[in-house]
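Here are some notes to read beside the model. Please keep the structure open and follow the points in order.

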Amino acid sequence: MFITPEGKEIFVVDGHTHFWDASPENQKNIHGKQFIDCFYAYHSGLSPKEQLWEKSKFEKYSADDLYNDLFIDGPDDMAILNSTYLSEFYKTGFNNIERNASVAKKYPNRFIVNGAFDPRDGQKAHEYIHYMKETHNITGVKMYTAEWNGASKGWRLNDPLAYKCFELCEKLGIKNIHVHKGPTIIPLNKDAFDVHDVDYAATDFQNLNWIVEHCGLPRLDDFCWIATQETNVFAGLAVALPFIHSRPRYFGEIIAELLFWIGPEKILFGSDYAIWTPKWLVEKLWAYQIPEDIAKERGVQLTDEIKEKILGLNAARLYNIDIAARKAEFAKHPMLIAAE
Amino acid sequence: MDGASLSQLDEVWARLDLVMDPELDEPVTDMGFIEAVSVAGPTTGHNNSTVEISFRLPTYWCSPNFAFLMAQGIKREVETLPWVGQAVVMLQDHMSADEMNAVINSGGVFSDVFADLHPGENLEALREKFDQKAFQRRQEAVIRGLLAQGYVADVIVNLTLADLSLIPFDDAEVTRQCSRYVALLMSKSLAQKAADLAFPTYQGTPIGEDFKPYMDLLRSVRINMEFSGSLCRNLKQSRYLEADTSGAVPILVTVAPSDHACR
């Protein structure tokens, strides 16, 4: 719960969090090391100095750290915990669904665990989707289209194999498809993070919600164009939001574009924990105003009402979270103290 | 340094200043990508010396085609110096470093090693795409500079090259972007004579009545490029740093031996 300076309670759903194990023991090869090193550079490059973690903690933190940073120190009420496998880089996966489910079980009612699958696995992917539904009752998945798989270095949402999987998701009621679209890495000419495949998939699967993480940056214009046309495409703010600290004016330009094109109902807060922690992000977002000249040019404002939508109401709608019921539940069961 | 004279190193750095990161339209020197420069062989005479330039990118994962364009640019620019026989380019700490260095230094082409990873890659088309973005970003900076100094849209879209050359800018960054903009404008033959429009579109047409939507387009190009640019700067700066949290406030300390070149 975030309490505003005026004393208003804001229900916070953190739309993008992780519980990874990238420790040297779990790294399969140099790629596993370089992958977490790159995440650590995001952390150390864009966090306020007082929020910096040591590398060893960043590589592998405990379930209690996670719970503490999100819900006790942090303002989150609930968090979406995404699964990411990267099986070519990590022995037991980067954050597999069992690891996520174990922390969700330890701290009930706080987490929504999302699954993940790789359409290139064909029939095995279908079996895995069934398994995740039956065992963990997932309602969402996280797609990482730049994942390596044998000779393949990426895939697209509109690949025929992917469509088979999304048909199954639709049938099983797995409605929320989070898609990582981020800075350009290989390969480029078939750029795995190009956002145009979202356009096809969102048109062809109208009953699924497509949440584009990192709002497609650095392809914000392409993303906005697609999300304006498609009612079921949403913007995740992870990675864009930390600029609020290092380059606040630039963050103003991003959020102004999003508000102008796609409106306040389709933007979701996400800390991308453990790259960043939610406390400072939420505090800074609440205190933030778009610089006057940018707001005027785009004719938009970031009002308290809009911030409340971004911080929780929009994600609650996608995940059918009954906020009043949850608040009553949390009030009955005061916060567990971590590290007991 | 290796018996090379300071002026020789300065000459190398001056050539390196001309090499852009194609995605960001910023000099590789300014981005901090150049790690070391050394000169071997006789330091006098013509075409005698070998210059070795090592560079590092913000991450291990940076796109090999971008890296290739930069490596090629570094080699080409340094080899224009009359006393340089050969420039050897060494990309470090990159997933494709070995293949990249081998193909660049033997004068090969991108598809020699990256055909599997980038089937059908057309580096010329990629270069052209980046040229267009660089053009648009530089143009926006200059137009915004003019707007800030009180020029209105109707006047701006009708300014000629001659008019533009007479306008002093208050802001140093706008001045820098203006000279880069005009250079690109001329090299792309989008304006050459004094009476030519200073602000055509990249397709060579006048902006005319469409000033507002046109500026929206330029803004979106800038927002994307700024995202990559500032992310790359941050990642490059922190790539070899780790937090030491033993004190009251965490500080970042270097963990890799730094051989950052000084200039």
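1. A term first. Two strands pair if DSSP finds at least two bridges between them. Now apply that to chain A of this predicted model. Strand S4 (residues 78–81) of chain A is joined to S5(A) by three bridges, and the two strands run parallel. One residue to look up is A:Ile80, whose bridge partner in S5(A) is A:Ile112.

2. Next, the sheet around that pair. Three strands of chain A form an open sheet in the order S3-S4-S5, with parallel pairing. Strand S3 (13–17) and strand S5 (111–113) of chain A are the edge strands, and each pairs on one side only. On average, neighbouring strands of this sheet are turned by 20° against each other, direction ignored.

3. A helix belongs in this picture too. Helix H4 (residues 97–106) of chain A lies across S4 and S5 of chain A. H4 of chain A runs at about 160° to S5(A).

4. Step back to the whole of chain A. Chain A has 14 helices and ten strands. Its C-alpha atoms fill a box of roughly 55 × 50 × 40 Å, taken along the principal axes. Why does the radius of gyration of chain A agree with a compact globule? With 340 residues, such a globule would have a value near 20 Å, and chain A has 19 Å.

5. Look at burial and contacts. Of the 340 residues of chain A, 51% count as buried. Take the contacts in chain A with a separation of 6 or more: 77% of them come from residues 24 or more positions apart.

6. Now the cores. In soluble globular proteins, nonpolar side chains tend to be buried together. The largest nonpolar core here has 141 residues. Those with the most contacts inside this core include A:Trp210, A:Val198 and B:Ile74. Helix H2 (residues 64–78) of chain B gives the largest share of this core, eight residues. A second, separate core has 13 residues, among them B:Leu185 and B:Tyr214.

7. Leaving out residues up to four places away in sequence, A:Trp210 touches A:Val198, A:Asn232 and A:Phe234, among others.

8. Last, where the chains meet. How many residues does each chain bring to the contact? Chain A brings 31 residues and chain B brings 31 residues. On the side of chain A that touches chain B, helix H1 (30–46), helix H8 (220–229) and helix H10 (248–261) of chain A each supply at least two residues. H1(A) gives the largest share, seven residues. By class, that side of chain A has 16 nonpolar, five polar and ten charged residues.

Note on methods. Residues numbered from 1 in each chain as written. Chains lettered and ligands numbered in written order. Predicted model: local features only at pLDDT ≥ 70, side-chain atom pairs only at ≥ 80, totals over all residues. Contact = placed C-beta atoms within 7 Å. Helix = DSSP H or I, 4+ residues; strand = E, 2+ residues; numbered from the N terminus. Nonpolar A, V, L, I, M, F, W, Y, C, P; charged D, E, K, R; others polar. Core = buried A, V, L, I, M, F, W, Y, C linked by C-beta atoms within 7 Å. Buried ≥ 20, exposed ≤ 12 C-beta atoms within 10 Å, placed from the backbone. Rg over C-alpha atoms; globule rule 2.2 N^0.38 Å. Axes fitted to C-alpha atoms, helices over the stretch in contact; angles between N-to-C directions.
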